[in-house]
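Hi,

Here is the structure I promised to pass on.

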Amino acid sequence: MTNALAIIFILFIFIIILIAMSVVQIRMAGIKIKDFFTFIDANQKLDSLSRFAKRYEKMSPQEQIIYLVEAEKVFNSFDKIPETVWEDERDKYSKVLDTYKNIRVMRWNEANTNALSTKVEKIKPKEMKME
């Protein structure tokens, strides 16, 4: 029984040392621990956003807004991490970024079209008097 407790204790100490070494490595890379965990979550969101990127033209306006907000959160998380850490995800990141830009441009064009159509009044021709 005491041998089993000693082995469990040694394994527990070993796990704590590994966690401490990981934290030191992350900090030495210039990354805050909170930012690293946010990056891990953002990496999972990036996968789902890249799947949605394929069908952005079919998204409803509400889905587009949700996509834009989630993409901005992902971009903010990725900006805090050195690119060498996430270079394997560059293709997904680029795809999500391109879709983000396309939706922004499409929504901007729609807003400008609607704004112009409400500002322009229809001009009625004046009646001409014949003398």
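How are α2 and α3 oriented to each other? They are oblique to each other, a label for angles that are not under 35 degrees (roughly parallel), over 145 (roughly antiparallel) or 65 to 115 (roughly perpendicular).

Before the details, a word on the source: this is a predicted model, where local features need pLDDT of at least 70 and side-chain atom pairs count only at pLDDT 80 or more, while totals for chains, interfaces and linings use all residues. Residues are numbered from 1 along each chain as its sequence is written, and side-chain values use heavy atoms, with hydrogens and water left out.

**Overall**

The chain has 4 helices and 0 strands, in the order α-α-α-α from the N terminus. Helices (H or I, at least four residues) and strands (E, at least two) are DSSP runs, numbered from the N terminus. Of the 131 residues, 21% are buried (buried is under 20% relative accessible area, exposed over 50%, partly exposed in between, with a 1.4 Å probe and protein chains only). Taking contacts (heavy atoms within 4.5 Å) between residues at least 6 apart in sequence, 74% join residues at least 24 apart.

**The α2/α3 pair**

The axes of α2 (residues 33-53) and α3 (residues 61-79) come within 9 Å and cross at roughly 140°. Axes here are lines fitted to C-alpha atoms, for helices over the stretch in contact, and angles run from 0 to 180 degrees between N-to-C directions. On the α2 side the contact includes Phe39, Leu46, Leu49 and Phe52, and on the α3 side Tyr67, Val74 and Phe78 are among the residues. The contact residues divide into 10 nonpolar, 3 polar and 3 charged (nonpolar is Ala, Val, Leu, Ile, Met, Phe, Trp, Tyr, Cys and Pro; charged is Asp, Glu, Lys and Arg; the others, Gly among them, are polar).

Serine 50 sits in α2 and is buried at 8% relative accessibility. Its side chain reaches the backbone oxygen of aspartate 47 at 2.9 Å. Leaving out residues up to four places away in sequence, serine 50 touches Lys92, Lys95 and Val96.

Threonine 99, in α4, is buried too, with a relative accessible area of 5%.

Arginine 90 belongs to α4 (residues 90-119) and is partly exposed at 33%.

Cheers

Technical notes: A polar contact is a pair of N or O atoms within 3.5 Å; within protein, one must be able to donate a hydrogen and the other to accept it, and residues adjacent in sequence count only if both atoms are side-chain atoms.
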